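Trainee: Hi! Could you walk me through this structure?
Mentor: Happy to. Let's get it on screen.

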Amino acid sequence: MQRALLDQGAGHKGTRGSHEKWLCPCGKHQAIVPNHTIVSPGVIRDIIKKLDCLPEGWLQ
Ligand SMILES: [Zn+2]
């Protein structure tokens, strides 16, 4: 997931415990991304919704 975020031009803004804060390329959206290997579909949906400006299907 972090790889896909970087590919979209998102920036890593910091880590707190097991969560990372990411900022989208436009600067208006941010999401908290767990840095676990396994991320639940609900969390993935939430991240996609929060980073609204990224193209559909950016995270598979
Ligand atoms: Zn944005």
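Mentor: Let's start with lysine 49, which lies in helix α2, residues 41-50. Helices and strands here are DSSP runs numbered from the N terminus, with at least four residues of H or I for a helix and at least two of E for a strand.
Trainee: Before we go on, what kind of model is this?
Mentor: It is a predicted model, where local features need pLDDT of at least 70 and side-chain atom pairs count only at pLDDT 80 or more, while totals for chains, interfaces and linings use all residues. Residues are numbered from 1 along each chain as its sequence is written, and side-chain values use heavy atoms, with hydrogens and water left out.
Trainee: Okay, so is lysine 49 buried or exposed?
Mentor: Lysine 49 counts as exposed because its relative accessibility is 62%. The cut-offs are under 20% relative accessible area for buried, over 50% for exposed and partly exposed in between, using a 1.4 Å probe and protein chains only.
Trainee: How far is lysine 49 from alanine 31?
Mentor: Their C-alpha atoms are separated by 9.0 Å, and the two residues are 18 apart along the chain. Alanine 31 in β3 is the bridge partner of tryptophan 22.
Trainee: How are the strands arranged?
Mentor: Three strands form an open antiparallel sheet in the order β1-β2-β3. β1 (11-16) and β3 (30-34) are the edge strands, each pairing on one side only. Two strands pair if DSSP finds at least two bridges between them.
Trainee: How many bridges join β1 and β2?
Mentor: Five, in the antiparallel sense; glycine 14, for instance, has lysine 21 in β2 as its bridge partner. β1 and β2 form a hairpin with two residues between them, and glycine 17 in the turn has a positive phi of about 60°.
Trainee: And what about β2 and β3?
Mentor: Strand β2, residues 19-23, also pairs with β3 in the antiparallel sense over five bridges. Histidine 19 has proline 34 in β3 as its bridge partner. This hairpin has six residues between the strands, with glycine 27 in the turn at a positive phi of about 90°.
Trainee: New topic: what holds the zinc ion?
Mentor: The zinc ion is coordinated by Cys24 (SG), Cys26 (SG), His29 (ND1) and Cys53 (SG), at 2.0 to 2.2 Å. Donors are N, O and S atoms within 2.8 Å of the metal, or 3.2 Å for Na, K and Ca; water is not among the atoms, so sites may look incomplete. In sequence the donor residues are spaced C-x1-C-x2-H-x23-C.
Trainee: Which residues make up the largest nonpolar core?
Mentor: It has twelve residues in all, including Ala4, Ala10, Trp22, Cys24, Ala31 and Leu59. Such a core is a set of buried Ala, Val, Leu, Ile, Met, Phe, Trp, Tyr and Cys residues joined through side-chain atoms within 4.5 Å.
Trainee: Where is leucine 59?
Mentor: Leucine 59 sits in the segment after α2 and counts as buried because its relative accessibility is 13%. The C-alpha atoms of leucine 59 and alanine 4 are separated by 6.4 Å, with the residues 55 apart along the chain.
Trainee: What does leucine 59 touch?
Mentor: Not counting residues up to four places away in sequence, leucine 59 touches Met1, Ala4, Ile44 and Ile48. Contact means heavy atoms within 4.5 Å.
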